[in-house]
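Good morning, colleagues. Please turn to the sequence and the structure, which I shall now put on the screen.

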Amino acid sequence: MKLRVSAVQYHLHTIKSFAEFAQQVEHYIKTAAEFEADFVLFPEFVTTQLLSIGDSQGNALSIHNLPDFTEQYCLLFTSLAQQTGMHIIGGTHVIREDERLYNVAHLFYPNGKIARQPKLHITPTEVKEWNMAAGHEIDVFETEKGTIAILTCYDIEFPEIVRMVRAKGADVIFCPSCTDDRHGFYRVRYTSHARAIENQVYVVTTGTVGSLPTVDFMRANFGQAAVITPNDIPFPPGGLLAEGEINHDMIITADLDLELLYRVRERGSVTTWRDRRTDLYPDW
């Protein structure tokens, strides 16, 4: 089975209304639909752009205002998934539960269903500046095109959690990200390659680009989308099916061949998943 994935290098800039946000999102969705994508991935913290709308005094909103947009956010992406027939990972959006803030990835199915995966590992900045809470459950998501998982940014830097979703059957890991400098970007990028090699899975990642001058901690963004494969002969030598231009407003698209992935797991140059030494270390 093959599936086509698109990843959006979402350009953050100041806007004046939710309608402007919706128009920008729809532009990327229509582009992915023209390429006949099955899945489209948006970056982490994509909805922080809404904070630049500001209040009646012209001041930017705070992270605590973001959950107020949840209903509009869900209606927008649900409608677009239904219209296009695509599965849309709408980046992440901050929600409030029991007076705590969670950074949550949302998967919008073509039939109107919404699945959610909270970020499990929270960076020091998210804790100190935004008082963000960590999620407690990890899921994989069944779709008509295969089994996927969504691990947000910092999550991909922890090999144990990727082992868990691979053991649950995930063949494709979607990794929405948001990094403000080269150091953070390369941490996510390099560990995405490592996770693809270790677990013989595809990893699709992307990040925010542009700037929100009035929004605290969103003034700098360094991002690039990539579709990453295991490093074996049937795949590109660098383990890259596609990648964007760093910090450009754009979308990338590539085809993932699941049958090829299964063959490599069975009789590739290396069989890293099968060769785990579970007699020496725990398994999932």
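I shall speak about the annotated domain, then the cavities, and finally the cysteines.

Please bear in mind that this is a predicted model. In UniProt, an unreviewed entry places the feature "domain: CN hydrolase" at residues 3-258.

How many cavities of 30 Å³ or more does a search of the whole structure find? The search finds two. The largest cavity holds about 60 Å³ of space. Helix 5 (182-199) and strand 11 (202-207) each supply at least two residues of its lining. Among the lining residues are Phe185, Arg189, Thr205 and Phe222. By class, that lining has three nonpolar, seven polar and one charged residues.

The second largest cavity has about 30 Å³ of space. Strand 9 (residues 146-150) gives the most to its lining, with three residues. The lining also includes Leu3, Lys145, Asp171 and Leu258. Here the residues divide into five nonpolar, three polar and two charged.

I come lastly to the cysteines. A disulfide requires two cysteine sulfur atoms within 2.5 Å, and by this rule the count is zero. For Cys175, the nearest cysteine sulfur is that of Cys153, 6.2 Å away. Cys175 counts as buried because its relative accessibility is 0%. Cys178 is likewise in no disulfide, with the sulfur of Cys153 the nearest at 6.9 Å. At 16% relative accessibility, Cys178 also counts as buried.

Key
Residues numbered from 1 in each chain as written. Predicted model: local features only at pLDDT ≥ 70, side-chain atom pairs only at ≥ 80, totals over all residues. Heavy atoms only, no water. Buried < 20%, exposed > 50% of the residue type's maximum accessible area, 1.4 Å probe, protein only. UniProt positions renumbered as here; feature names shortened; annotations may be inferred. 1 Å grid on protein atoms, 1.4 Å probe; cavity = no way out; pocket = protein on both sides within 12 Å on 5 of 7 lines; lining within 4 Å. Points joined across faces, edges and corners; volume = space filled by probe spheres on them. Helix = DSSP H or I, 4+ residues; strand = E, 2+ residues; numbered from the N terminus. Nonpolar A, V, L, I, M, F, W, Y, C, P; charged D, E, K, R; others polar.
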